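Please keep the structure open beside the text.

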Amino acid sequence: MAGRVEYGEGTDAQQLVFLLPECLKDASKMMKTGLMFVKLVNPCSGEGALYLFNMCLQQLFEIKIFKEKHHSWFINQSVQSGGLLYFATPMDPLFLLLHYFIKADKEGKFQPLDQVVVDDMFPNCILLLKLPELEKLLQHVTEEKEIDKKKYYKYSKEKTLKWLGKKVNQTVAALKTNNVNVGARVQSNAFFSSPQISSDKEENYICYAHGLVSDYIPKELNDDLSKYLKLPEPSASLPKPPSKKNSKMTTAQKALAKVDKTGMKSIDSFFGTKFFEKVGKI
Amino acid sequence: MESSDEENVEKRRVHLRLDTLRSATPATLHLLPCDIPVNRPAPVGSFFTPAIRQGPEGLEVSFRGRSLRGEEVEVPPGLVGYVMRMEEKEEVVGKQDFSQGSDNDEQEQELLEPPEAALERDFDRVIRASGSFSHFTVWGLETRPGPDAKVHAALTWPSLAAAIHAQVPGD
(Lines give C-alpha, C1' and ligand atoms only; values in the text may rest on other atoms or scores of the structure.)
Protein backbone atom coordinates (compact mmCIF):
# COMPACT_ATOMS: atom_id res chain seq x y z
CA MET A 1 0.00 0.00 0.00
CA ALA A 2 2.74 2.45 0.95
CA GLY A 3 4.24 2.33 -2.54
CA ARG A 4 1.15 3.82 -4.08
CA VAL A 5 1.40 7.24 -2.56
CA GLU A 6 5.12 7.72 -3.10
CA TYR A 7 4.74 10.19 -5.96
CA GLY A 8 2.53 12.35 -3.83
CA GLU A 9 -0.19 12.81 -6.43
CA GLY A 10 -3.32 11.32 -4.95
CA THR A 11 -4.11 7.63 -5.08
CA ASP A 12 -4.79 5.29 -7.95
CA ALA A 13 -8.38 6.44 -8.01
CA GLN A 14 -9.96 6.94 -11.39
CA GLN A 15 -9.72 10.36 -12.98
CA LEU A 16 -12.25 11.50 -15.57
CA VAL A 17 -11.28 13.95 -18.29
CA PHE A 18 -14.23 16.22 -19.04
CA LEU A 19 -15.09 19.05 -21.41
CA LEU A 20 -17.78 21.21 -19.81
CA PRO A 21 -19.59 24.28 -21.16
CA GLU A 22 -17.95 27.46 -19.89
CA CYS A 23 -21.29 28.73 -18.58
CA LEU A 24 -21.15 26.17 -15.78
CA LYS A 25 -17.99 27.72 -14.44
CA ASP A 26 -19.67 31.14 -14.43
CA ALA A 27 -22.75 29.68 -12.80
CA SER A 28 -20.58 28.29 -10.03
CA LYS A 29 -20.09 31.86 -8.80
CA MET A 30 -23.78 32.21 -8.06
CA MET A 31 -24.48 28.82 -6.58
CA LYS A 32 -22.66 26.23 -4.57
CA THR A 33 -24.58 23.07 -5.40
CA GLY A 34 -27.14 21.85 -7.85
CA LEU A 35 -25.09 20.27 -10.60
CA MET A 36 -25.42 16.52 -10.76
CA PHE A 37 -25.09 13.48 -12.96
CA VAL A 38 -28.28 11.45 -13.35
CA LYS A 39 -29.34 8.48 -15.41
CA LEU A 40 -32.27 9.15 -17.70
CA VAL A 41 -33.70 7.38 -20.70
CA ASN A 42 -31.97 7.52 -24.07
CA PRO A 43 -34.89 8.65 -26.28
CA CYS A 44 -33.61 6.66 -29.28
CA SER A 45 -32.83 3.29 -27.74
CA GLY A 46 -35.01 3.46 -24.63
CA GLU A 47 -32.03 2.35 -22.57
CA GLY A 48 -30.24 4.30 -19.89
CA ALA A 49 -27.89 7.21 -20.56
CA LEU A 50 -26.05 9.68 -18.40
CA TYR A 51 -26.98 13.32 -18.26
CA LEU A 52 -25.78 16.32 -16.31
CA PHE A 53 -28.56 18.35 -14.72
CA ASN A 54 -28.24 21.91 -13.50
CA MET A 55 -30.81 22.32 -10.72
CA CYS A 56 -30.38 26.07 -10.32
CA LEU A 57 -30.49 27.20 -13.92
CA GLN A 58 -32.65 24.22 -14.92
CA GLN A 59 -30.51 23.06 -17.80
CA LEU A 60 -29.99 19.59 -19.18
CA PHE A 61 -26.71 18.37 -20.70
CA GLU A 62 -26.05 15.02 -22.31
CA ILE A 63 -22.84 13.11 -21.68
CA LYS A 64 -21.01 11.62 -24.64
CA ILE A 65 -17.78 9.70 -24.28
CA PHE A 66 -14.96 9.68 -26.81
CA LYS A 67 -13.21 6.34 -26.74
CA GLU A 68 -10.68 5.04 -29.20
CA LYS A 69 -8.78 1.80 -28.79
CA HIS A 70 -5.23 1.92 -27.47
CA HIS A 71 -5.18 5.27 -25.74
CA SER A 72 -4.37 6.52 -22.26
CA TRP A 73 -3.78 9.83 -20.50
CA PHE A 74 -0.87 11.32 -18.70
CA ILE A 75 -2.48 13.76 -16.26
CA ASN A 76 0.16 15.77 -14.42
CA GLN A 77 2.21 13.15 -12.56
CA SER A 78 -0.14 10.22 -13.09
CA VAL A 79 -1.32 7.78 -15.73
CA GLN A 80 -4.99 7.11 -16.48
CA SER A 81 -5.82 4.15 -18.69
CA GLY A 82 -8.41 4.14 -21.47
CA GLY A 83 -7.87 7.64 -22.86
CA LEU A 84 -11.56 8.53 -22.46
CA LEU A 85 -12.78 12.07 -23.07
CA TYR A 86 -16.19 12.97 -21.63
CA PHE A 87 -18.26 15.70 -23.31
CA ALA A 88 -21.15 17.52 -21.65
CA THR A 89 -23.20 19.39 -24.26
CA PRO A 90 -26.60 21.12 -23.94
CA MET A 91 -29.54 18.82 -24.65
CA ASP A 92 -33.00 19.84 -25.81
CA PRO A 93 -35.21 18.27 -23.11
CA LEU A 94 -38.03 18.03 -25.62
CA PHE A 95 -36.41 14.89 -27.09
CA LEU A 96 -36.77 13.21 -23.69
CA LEU A 97 -40.29 14.51 -23.13
CA LEU A 98 -41.21 13.30 -26.60
CA HIS A 99 -40.12 9.78 -25.63
CA TYR A 100 -42.71 9.79 -22.85
CA PHE A 101 -45.44 11.38 -24.97
CA ILE A 102 -45.03 8.79 -27.71
CA LYS A 103 -45.22 6.04 -25.08
CA ALA A 104 -48.34 7.58 -23.53
CA ASP A 105 -49.97 8.05 -26.92
CA LYS A 106 -50.95 4.37 -27.03
CA GLU A 107 -53.74 5.34 -24.65
CA GLY A 108 -54.78 7.94 -27.19
CA LYS A 109 -56.11 10.56 -24.81
CA PHE A 110 -55.25 13.93 -23.35
CA GLN A 111 -53.28 13.60 -20.11
CA PRO A 112 -51.68 15.94 -17.57
CA LEU A 113 -47.90 16.18 -17.84
CA ASP A 114 -47.16 14.50 -14.52
CA GLN A 115 -49.03 11.39 -15.67
CA VAL A 116 -47.07 11.22 -18.89
CA VAL A 117 -43.55 11.64 -17.54
CA VAL A 118 -43.48 8.58 -15.29
CA ASP A 119 -40.68 6.04 -15.29
CA ASP A 120 -39.93 3.21 -12.87
CA MET A 121 -36.58 2.52 -14.50
CA PHE A 122 -35.37 6.11 -14.43
CA PRO A 123 -37.15 7.86 -11.54
CA ASN A 124 -34.98 10.94 -12.01
CA CYS A 125 -37.22 11.80 -14.97
CA ILE A 126 -39.22 13.93 -12.52
CA LEU A 127 -36.41 16.47 -12.87
CA LEU A 128 -37.65 17.14 -16.39
CA LEU A 129 -40.89 18.53 -14.96
CA LYS A 130 -38.92 21.27 -13.24
CA LEU A 131 -37.56 22.69 -16.46
CA PRO A 132 -38.67 26.24 -17.26
CA GLU A 133 -41.08 27.09 -20.07
CA LEU A 134 -42.19 23.49 -20.48
CA GLU A 135 -45.59 24.56 -21.78
CA LYS A 136 -43.96 26.56 -24.54
CA LEU A 137 -41.71 23.63 -25.46
CA LEU A 138 -44.57 21.16 -25.56
CA GLN A 139 -46.42 23.25 -28.15
CA HIS A 140 -43.97 21.90 -30.72
CA VAL A 141 -45.00 18.27 -30.30
CA THR A 142 -48.41 18.12 -28.63
CA GLU A 143 -52.01 19.25 -28.85
CA GLU A 144 -53.24 20.71 -25.61
CA LYS A 145 -56.55 21.25 -23.81
CA GLU A 146 -57.25 23.30 -20.75
CA ILE A 147 -59.90 22.09 -18.33
CA ASP A 148 -60.41 23.80 -14.97
CA LYS A 149 -57.11 25.64 -15.41
CA LYS A 150 -55.25 22.35 -15.67
CA LYS A 151 -53.46 21.56 -18.91
CA TYR A 152 -53.84 18.23 -20.71
CA TYR A 153 -51.59 17.15 -23.54
CA LYS A 154 -51.65 14.65 -26.38
CA TYR A 155 -48.85 13.69 -28.78
CA SER A 156 -49.19 15.12 -32.28
CA LYS A 157 -47.16 13.42 -34.97
CA GLU A 158 -47.81 16.19 -37.51
CA LYS A 159 -46.47 18.88 -35.20
CA THR A 160 -43.54 16.70 -34.19
CA LEU A 161 -42.46 16.09 -37.78
CA LYS A 162 -42.63 19.79 -38.49
CA TRP A 163 -40.53 20.47 -35.41
CA LEU A 164 -38.00 17.80 -36.39
CA GLY A 165 -37.84 19.26 -39.90
CA LYS A 166 -36.75 22.56 -38.37
CA LYS A 167 -34.18 20.73 -36.25
CA VAL A 168 -32.74 19.14 -39.39
CA ASN A 169 -32.58 22.54 -41.10
CA GLN A 170 -30.68 24.21 -38.30
CA THR A 171 -28.31 21.23 -38.15
CA VAL A 172 -27.67 21.56 -41.89
CA ALA A 173 -26.68 25.19 -41.28
CA ALA A 174 -24.23 24.11 -38.56
CA LEU A 175 -22.72 21.41 -40.76
CA LYS A 176 -22.04 24.04 -43.41
CA THR A 177 -20.48 26.50 -40.95
CA ASN A 178 -18.28 23.76 -39.51
CA ASN A 179 -17.25 22.50 -42.95
CA VAL A 180 -18.14 18.94 -42.04
CA ASN A 181 -17.54 16.65 -44.98
CA VAL A 182 -20.93 15.16 -45.72
CA GLY A 183 -19.99 13.47 -49.00
CA ALA A 184 -19.32 10.17 -47.29
CA ARG A 185 -21.97 8.12 -45.54
CA VAL A 186 -22.36 9.00 -41.92
CA GLN A 187 -20.56 6.15 -40.30
CA SER A 188 -17.54 5.88 -38.12
CA ASN A 189 -15.35 5.26 -41.14
CA ALA A 190 -16.53 8.52 -42.66
CA PHE A 191 -13.69 10.08 -40.75
CA PHE A 192 -11.12 7.72 -42.21
CA SER A 193 -12.04 8.35 -45.82
CA SER A 194 -10.19 10.86 -47.93
CA PRO A 195 -11.75 14.28 -48.35
CA GLN A 196 -11.64 14.14 -52.18
CA ILE A 197 -15.23 12.90 -52.45
CA SER A 198 -16.38 16.11 -50.84
CA SER A 199 -19.64 17.10 -52.37
CA ASP A 200 -21.81 19.93 -51.17
CA LYS A 201 -25.09 18.69 -52.57
CA GLU A 202 -27.94 19.89 -50.39
CA GLU A 203 -29.37 16.40 -50.19
CA ASN A 204 -26.16 15.09 -48.63
CA TYR A 205 -26.37 17.73 -45.93
CA ILE A 206 -29.99 16.85 -45.21
CA CYS A 207 -29.16 13.13 -45.06
CA TYR A 208 -26.30 13.78 -42.69
CA ALA A 209 -28.31 16.12 -40.46
CA HIS A 210 -31.18 13.64 -40.44
CA GLY A 211 -28.72 10.99 -39.28
CA LEU A 212 -27.66 13.15 -36.37
CA VAL A 213 -31.20 14.07 -35.29
CA SER A 214 -32.36 10.45 -35.65
CA ASP A 215 -30.14 9.51 -32.71
CA TYR A 216 -32.62 11.30 -30.45
CA ILE A 217 -35.90 9.84 -31.67
CA PRO A 218 -37.34 6.32 -31.75
CA LYS A 219 -36.94 4.21 -34.88
CA GLU A 220 -40.62 4.38 -35.93
CA LEU A 221 -40.63 8.16 -35.87
CA ASN A 222 -37.35 8.15 -37.75
CA ASP A 223 -38.95 6.34 -40.69
CA ASP A 224 -41.73 8.92 -40.77
CA LEU A 225 -39.15 11.69 -40.67
CA SER A 226 -37.36 10.19 -43.70
CA LYS A 227 -40.61 10.32 -45.65
CA TYR A 228 -41.36 13.83 -44.40
CA LEU A 229 -37.93 15.02 -45.56
CA LYS A 230 -38.43 13.11 -48.85
CA LEU A 231 -35.15 11.28 -48.39
CA PRO A 232 -34.35 8.21 -50.52
CA GLU A 233 -34.83 4.84 -48.81
CA PRO A 234 -31.80 4.55 -46.56
CA SER A 235 -31.08 0.88 -47.22
CA ALA A 236 -31.11 1.32 -51.01
CA SER A 237 -28.35 3.92 -51.13
CA LEU A 238 -26.21 2.36 -48.45
CA PRO A 239 -23.03 0.97 -49.95
CA LYS A 240 -21.33 -1.66 -47.85
CA PRO A 241 -18.32 -0.09 -46.21
CA PRO A 242 -15.18 -1.52 -47.82
CA SER A 243 -13.15 -3.47 -45.33
CA LYS A 244 -9.97 -1.69 -46.32
CA LYS A 245 -10.69 1.98 -46.61
CA ASN A 246 -7.24 3.40 -46.31
CA SER A 247 -3.85 1.80 -46.67
CA LYS A 248 -2.42 4.16 -44.09
CA MET A 249 -4.58 2.68 -41.34
CA THR A 250 -2.86 1.70 -38.16
CA THR A 251 -3.33 -1.69 -36.57
CA ALA A 252 -5.89 -0.19 -34.25
CA GLN A 253 -7.85 1.30 -37.11
CA LYS A 254 -7.77 -2.00 -38.98
CA ALA A 255 -9.16 -3.71 -35.94
CA LEU A 256 -11.91 -1.10 -35.78
CA ALA A 257 -12.71 -1.55 -39.46
CA LYS A 258 -13.40 -5.24 -38.88
CA VAL A 259 -16.11 -4.42 -36.37
CA ASP A 260 -19.60 -4.89 -37.72
CA LYS A 261 -21.02 -1.41 -38.00
CA THR A 262 -24.30 -2.17 -39.69
CA GLY A 263 -26.46 -1.22 -36.74
CA MET A 264 -24.46 1.78 -35.69
CA LYS A 265 -25.89 5.20 -35.11
CA SER A 266 -24.51 8.21 -36.83
CA ILE A 267 -23.38 10.13 -33.76
CA ASP A 268 -20.98 7.29 -33.12
CA SER A 269 -18.91 8.71 -35.90
CA PHE A 270 -17.79 11.42 -33.51
CA PHE A 271 -16.80 9.01 -30.80
CA GLY A 272 -15.24 5.61 -30.42
CA THR A 273 -17.01 2.40 -31.23
CA LYS A 274 -16.33 0.36 -28.13
CA PHE A 275 -18.49 2.35 -25.76
CA PHE A 276 -21.54 2.16 -27.95
CA GLU A 277 -21.20 -1.56 -28.58
CA LYS A 278 -21.22 -2.13 -24.87
CA VAL A 279 -24.19 0.10 -24.30
CA GLY A 280 -26.08 -1.86 -26.92
CA LYS A 281 -25.66 -5.03 -24.90
CA ILE A 282 -27.06 -3.65 -21.65
CA MET B 1 -42.98 5.00 1.76
CA GLU B 2 -43.09 8.26 -0.10
CA SER B 3 -40.01 9.66 1.60
CA SER B 4 -37.95 6.50 1.10
CA ASP B 5 -38.74 6.57 -2.61
CA GLU B 6 -37.47 10.09 -2.74
CA GLU B 7 -34.33 8.92 -0.98
CA ASN B 8 -33.82 6.18 -3.53
CA VAL B 9 -33.99 8.70 -6.30
CA GLU B 10 -31.41 10.84 -4.51
CA LYS B 11 -29.12 7.84 -4.35
CA ARG B 12 -28.98 7.69 -8.11
CA ARG B 13 -27.25 11.02 -8.45
CA VAL B 14 -23.63 12.10 -8.49
CA HIS B 15 -23.25 15.65 -7.24
CA LEU B 16 -20.61 17.86 -8.76
CA ARG B 17 -19.00 20.27 -6.33
CA LEU B 18 -19.36 23.56 -8.16
CA ASP B 19 -16.81 25.53 -6.16
CA THR B 20 -14.12 23.13 -7.40
CA LEU B 21 -14.74 24.33 -10.97
CA ARG B 22 -13.16 27.63 -9.92
CA SER B 23 -10.51 26.32 -7.57
CA ALA B 24 -9.17 23.65 -9.97
CA THR B 25 -5.49 24.22 -10.73
CA PRO B 26 -4.12 24.02 -14.30
CA ALA B 27 -3.28 20.46 -15.33
CA THR B 28 -1.01 19.14 -18.10
CA LEU B 29 -2.54 16.39 -20.23
CA HIS B 30 -1.07 14.07 -22.85
CA LEU B 31 -3.19 11.65 -24.88
CA LEU B 32 -0.95 8.68 -25.72
CA PRO B 33 -1.42 6.27 -28.67
CA CYS B 34 -1.14 3.23 -26.42
CA ASP B 35 -3.07 1.92 -23.46
CA ILE B 36 -1.27 1.68 -20.15
CA PRO B 37 -3.60 -0.59 -18.20
CA VAL B 38 -3.23 1.06 -14.80
CA ASN B 39 -4.48 4.16 -13.02
CA ARG B 40 -1.75 5.36 -10.73
CA PRO B 41 0.80 8.07 -10.04
CA ALA B 42 3.68 8.12 -12.51
CA PRO B 43 6.84 10.27 -12.67
CA VAL B 44 5.82 11.95 -15.94
CA GLY B 45 7.91 15.01 -15.11
CA SER B 46 11.05 12.93 -14.63
CA PHE B 47 10.94 10.75 -17.74
CA PHE B 48 8.42 12.00 -20.31
CA THR B 49 8.19 15.79 -20.18
CA PRO B 50 11.96 16.53 -20.18
CA ALA B 51 12.38 14.36 -23.31
CA ILE B 52 9.87 16.34 -25.43
CA ARG B 53 11.60 18.13 -28.34
CA GLN B 54 10.34 20.52 -31.00
CA GLY B 55 11.17 18.76 -34.26
CA PRO B 56 10.59 19.82 -37.88
CA GLU B 57 7.21 18.04 -37.89
CA GLY B 58 5.97 19.08 -34.48
CA LEU B 59 6.67 17.67 -31.05
CA GLU B 60 8.83 14.58 -30.62
CA VAL B 61 9.29 12.24 -27.69
CA SER B 62 9.76 8.56 -27.08
CA PHE B 63 7.91 6.21 -24.76
CA ARG B 64 9.07 2.67 -24.05
CA GLY B 65 11.58 3.03 -26.87
CA ARG B 66 8.93 3.91 -29.48
CA SER B 67 9.03 7.25 -31.22
CA LEU B 68 5.99 9.50 -30.83
CA ARG B 69 5.00 12.65 -32.75
CA GLY B 70 2.61 15.07 -31.15
CA GLU B 71 0.58 18.21 -31.57
CA GLU B 72 -1.17 20.65 -29.27
CA VAL B 73 -4.96 20.52 -29.42
CA GLU B 74 -7.09 23.39 -28.14
CA VAL B 75 -10.29 22.78 -26.21
CA PRO B 76 -13.11 24.08 -28.48
CA PRO B 77 -14.33 27.63 -27.76
CA GLY B 78 -17.08 27.81 -25.15
CA LEU B 79 -15.77 24.75 -23.32
CA VAL B 80 -13.40 24.21 -20.42
CA GLY B 81 -11.45 21.03 -19.75
CA TYR B 82 -11.58 19.50 -16.28
CA VAL B 83 -10.03 16.52 -14.60
CA MET B 84 -12.54 15.07 -12.13
CA ARG B 85 -12.23 12.68 -9.24
CA MET B 86 -14.74 11.06 -6.95
CA GLU B 87 -14.47 12.27 -3.39
CA GLU B 88 -13.26 9.57 -1.06
CA LYS B 89 -15.71 7.95 1.32
CA GLU B 90 -14.83 6.15 4.51
CA GLU B 91 -15.98 2.78 3.24
CA VAL B 92 -13.94 3.09 0.08
CA VAL B 93 -10.77 3.64 2.06
CA GLY B 94 -11.62 0.51 4.03
CA LYS B 95 -12.13 -1.50 0.86
CA GLN B 96 -8.70 -0.68 -0.46
CA ASP B 97 -7.06 -2.81 2.21
CA PHE B 98 -8.53 -5.93 0.65
CA SER B 99 -7.09 -5.09 -2.73
CA GLN B 100 -3.57 -5.73 -1.53
CA GLY B 101 -2.05 -8.65 -3.38
CA SER B 102 -4.83 -8.85 -5.93
CA ASP B 103 -4.06 -5.63 -7.75
CA ASN B 104 -4.17 -7.11 -11.22
CA ASP B 105 -7.57 -8.67 -10.83
CA GLU B 106 -9.03 -5.47 -9.61
CA GLN B 107 -7.55 -3.38 -12.36
CA GLU B 108 -8.62 -5.75 -15.09
CA GLN B 109 -12.12 -5.68 -13.77
CA GLU B 110 -12.09 -1.93 -13.93
CA LEU B 111 -11.00 -1.99 -17.55
CA LEU B 112 -13.79 -4.33 -18.58
CA GLU B 113 -16.42 -1.92 -17.38
CA PRO B 114 -18.12 0.36 -19.86
CA PRO B 115 -16.84 3.92 -19.37
CA GLU B 116 -20.07 5.31 -17.97
CA ALA B 117 -19.87 2.73 -15.17
CA ALA B 118 -17.15 4.86 -13.64
CA LEU B 119 -19.81 7.43 -12.88
CA GLU B 120 -22.64 5.05 -12.10
CA ARG B 121 -20.78 2.86 -9.64
CA ASP B 122 -20.46 5.85 -7.40
CA PHE B 123 -23.99 7.14 -7.56
CA ASP B 124 -25.06 9.26 -4.62
CA ARG B 125 -21.56 10.49 -4.28
CA VAL B 126 -19.69 13.69 -4.85
CA ILE B 127 -17.35 14.39 -7.73
CA ARG B 128 -14.94 17.30 -7.77
CA ALA B 129 -12.74 18.99 -10.35
CA SER B 130 -9.10 18.54 -9.42
CA GLY B 131 -7.54 20.15 -12.47
CA SER B 132 -8.50 22.34 -15.42
CA PHE B 133 -7.03 22.68 -18.90
CA SER B 134 -7.55 24.65 -22.10
CA HIS B 135 -5.37 22.49 -24.35
CA PHE B 136 -3.71 19.09 -24.35
CA THR B 137 -1.12 17.23 -26.40
CA VAL B 138 -2.22 14.41 -28.70
CA TRP B 139 0.48 11.89 -29.60
CA GLY B 140 0.66 9.53 -32.57
CA LEU B 141 2.92 6.56 -33.07
CA GLU B 142 5.76 7.67 -35.38
CA THR B 143 3.59 10.16 -37.26
CA ARG B 144 1.57 13.15 -36.09
CA PRO B 145 -2.09 12.35 -35.46
CA GLY B 146 -3.00 14.94 -38.13
CA PRO B 147 -6.36 16.48 -39.03
CA ASP B 148 -7.95 13.06 -39.71
CA ALA B 149 -7.46 11.90 -36.13
CA LYS B 150 -10.72 10.82 -34.56
CA VAL B 151 -10.17 13.08 -31.60
CA HIS B 152 -10.52 16.08 -33.94
CA ALA B 153 -13.85 14.78 -35.21
CA ALA B 154 -14.99 14.39 -31.61
CA LEU B 155 -14.02 17.97 -30.86
CA THR B 156 -16.37 19.27 -33.59
CA TRP B 157 -19.22 17.56 -31.78
CA PRO B 158 -20.07 20.40 -29.33
CA SER B 159 -20.76 22.88 -32.13
CA LEU B 160 -23.04 20.42 -33.94
CA ALA B 161 -24.74 19.44 -30.69
CA ALA B 162 -25.48 23.12 -30.09
CA ALA B 163 -27.33 23.28 -33.41
CA ILE B 164 -29.23 20.02 -32.94
CA HIS B 165 -30.40 21.04 -29.48
CA ALA B 166 -31.05 24.75 -30.02
CA GLN B 167 -34.70 25.71 -29.63
CA VAL B 168 -36.49 26.00 -32.95
CA PRO B 169 -38.39 29.21 -33.69
CA GLY B 170 -42.14 28.90 -33.21
CA ASP B 171 -44.71 29.55 -35.92
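Predicted model: local features only at pLDDT ≥ 70, side-chain atom pairs only at ≥ 80, totals over all residues.

Which elements of chain A do the buried residues of H7(A) pack against? They pack against helix H2 (93–104), strand E9 (150–155), helix H5 (157–177) and helix H6 (202–213) of chain A. Helices (H or I, at least four residues) and strands (E, at least two) are DSSP runs, numbered from the N terminus.

Before going further, a note on the ground rules: residues are numbered from 1 along each chain as its sequence is written, and chains are lettered from A and ligands numbered from 1 in the order in which they are written.

**Helix packing**

Helix H7(A) spans residues 219–228, and its buried residues are A:Leu221, A:Asn222, A:Asp224, A:Leu225 and A:Ser226. Buried means under 20% relative accessible area, exposed over 50%, and partly exposed in between (1.4 Å probe, protein chains only).

Across the two chains, the axes of H5(A) and helix H7 of chain B (residues 150–165) come within 8 Å and cross at roughly 155 degrees. That makes H5(A) roughly antiparallel to H7(B), a term for angles over 145 degrees. On the H5(A) side, the residues are A:Lys167, A:Gln170, A:Thr171, A:Ala174 and A:Leu175; they meet B:Ser159, B:Leu160, B:Ala163, B:Ile164 and B:His165 in H7(B). Contact here means heavy atoms within 4.5 Å.

**Nonpolar cores**

A nonpolar core is a set of buried Ala, Val, Leu, Ile, Met, Phe, Trp, Tyr and Cys residues joined through side-chain atoms within 4.5 Å. The largest has 79 residues, and A:Leu85, A:Phe95, A:Leu128, A:Leu175, B:Leu29 and B:Phe136 touch the most other members. Its largest share, nine residues, comes from H2(A). Apart from this core lies another of 27 residues, among them A:Leu35, B:Leu21, B:Val80 and B:Met84.

**Positive phi angles**

Here are some backbone angles to look up in chain A.

| Residue | Phi |
|---|---|
| A:Gln58 | positive, about 55 degrees |
| A:Asp148 | positive, near 50 degrees |
| A:Lys230 | positive, about 55 degrees |

A:Gln58 is found in the loop between strands E3 (48–54) and E4 (59–66) of chain A and is partly exposed, with a relative accessible area of 21%. A:Asp148 sits in the loop between strand E8 (142–147) and E9 of chain A and is exposed, at 75% relative accessible area.

Key
Heavy atoms only, no water. Axes fitted to C-alpha atoms, helices over the stretch in contact; angles between N-to-C directions. Parallel < 35°, antiparallel > 145°, perpendicular 65-115°, else oblique.
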